[in-house]
Amino acid sequence: MVAVLAIRRPGADDVPAMAAQAAQLGYAVTPDELRARLHDLGRGNDAVVLVATGEGERTIGWIHVELKRTLLAPLSAQVMALVVDERQRGGGVGAELLKAGEGWALEHRCHRMLVATRITRERAHGFYRREGYTLDKTSHIFEKEI
């Protein structure tokens, strides 16, 4: 079990580690791009980003959760990203971050959490099942540059 010393909002010093951790999952984002996106998210009250820190206040993982509003379902929250440094995986960091994200969702009147994972991320599927999530549906995501 990894010792998570704190879960808090990210600061400027966390951004390089957050970008490096995203790259470990195949998401190439520069620290400058991530910093700008964090700034944009910080303008509203419909999303949160939290970092987990370990020994020496080192960033060891992070979560991004957003409110999901639709006319077809009650207000929900969706995990947009959950990233744990590859050297810290399997030690409880992800579970702590997910619990903090769920707490934020409850504070925002959500009673349902959603998360989408790539079909190839079998380890992530097992993690979410262990955390009490069930497979609701399988979808295809289509994309178009505009």
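What span should the 15 residues of helix 3 cover, and how far apart are its end C-alpha atoms? At 1.5 Å a residue, helix 3 (residues 93-107) should span 21 Å. Its end C-alpha atoms lie 21 Å apart, so the two values agree. Note that this is a predicted model.

Several residues of helix 3 are buried: Val-93, Gly-94, Leu-97, Leu-98, Gly-101, Trp-104 and Ala-105. They cover an arc of only 125 degrees around the axis, which means they sit on the same side of helix 3. An α-helix has 3.6 residues a turn, so residues three or four places apart point the same way. On the other side of helix 3, Lys-99, Leu-106 and Glu-107 are exposed.

What covers the buried residues? The cover includes strand 1, strand 2, strand 3, strand 4, strand 5 and helix 4 (122-130). After helix 3 comes Arg-109, whose phi is positive, near 70 degrees.

The 5 strands form an open sheet in the order 1-2-3-4-5, with mixed pairing. Strand 1 (6-8) and strand 5 (113-115) are the edge strands, and each pairs on one side only. On average, neighbouring strands are turned by 25 degrees against each other, direction ignored.

Strand 2 (residues 47-53) pairs with strand 3 (residues 59-70) in the antiparallel sense, over 7 bridges. Within this pair, Ala-52 stands opposite Gly-61 in strand 3. Helix 1 (residues 15-24) lies across strand 2, strand 3 and strand 4 (73-84). Helix 1 runs at about 80 degrees to strand 3.

**Two nonpolar cores**

The largest nonpolar core has 21 residues. Ile-63, Val-65 and Val-79 touch the most other members. Strand 2, strand 3, strand 4, helix 3 and helix 4 each supply at least two residues of this core. Helix 3 gives the most, with 5 residues.

Which residues does Val-79 contact, leaving aside its neighbours within four places in sequence? They are Ile-63, His-64, Val-65, Leu-98, Met-113, Leu-114, Val-115 and Tyr-128. Leu-98 is also one of the buried residues of helix 3.

A second, separate core also exists. The table sets the two side by side.

| Core | Size | Residues, among them |
|---|---|---|
| Largest nonpolar core | 21 residues | Ile-63, Val-65, Val-79 |
| Second, separate core | 12 residues | Ala-22, Leu-34, Val-51, Val-83 |

Conventions: Residues numbered from 1 in each chain as written. Predicted model: local features only at pLDDT ≥ 70, side-chain atom pairs only at ≥ 80, totals over all residues. Heavy atoms only, no water. Pairing = 2+ DSSP bridges. Helix = DSSP H or I, 4+ residues; strand = E, 2+ residues; numbered from the N terminus. Axes fitted to C-alpha atoms, helices over the stretch in contact; angles between N-to-C directions. Contact = heavy atoms within 4.5 Å. Expected span 1.5 Å × (residues − 1). Buried < 20%, exposed > 50% of the residue type's maximum accessible area, 1.4 Å probe, protein only. Arc of directions from axis to C-beta. Core = buried A, V, L, I, M, F, W, Y, C linked by side-chain atoms within 4.5 Å.
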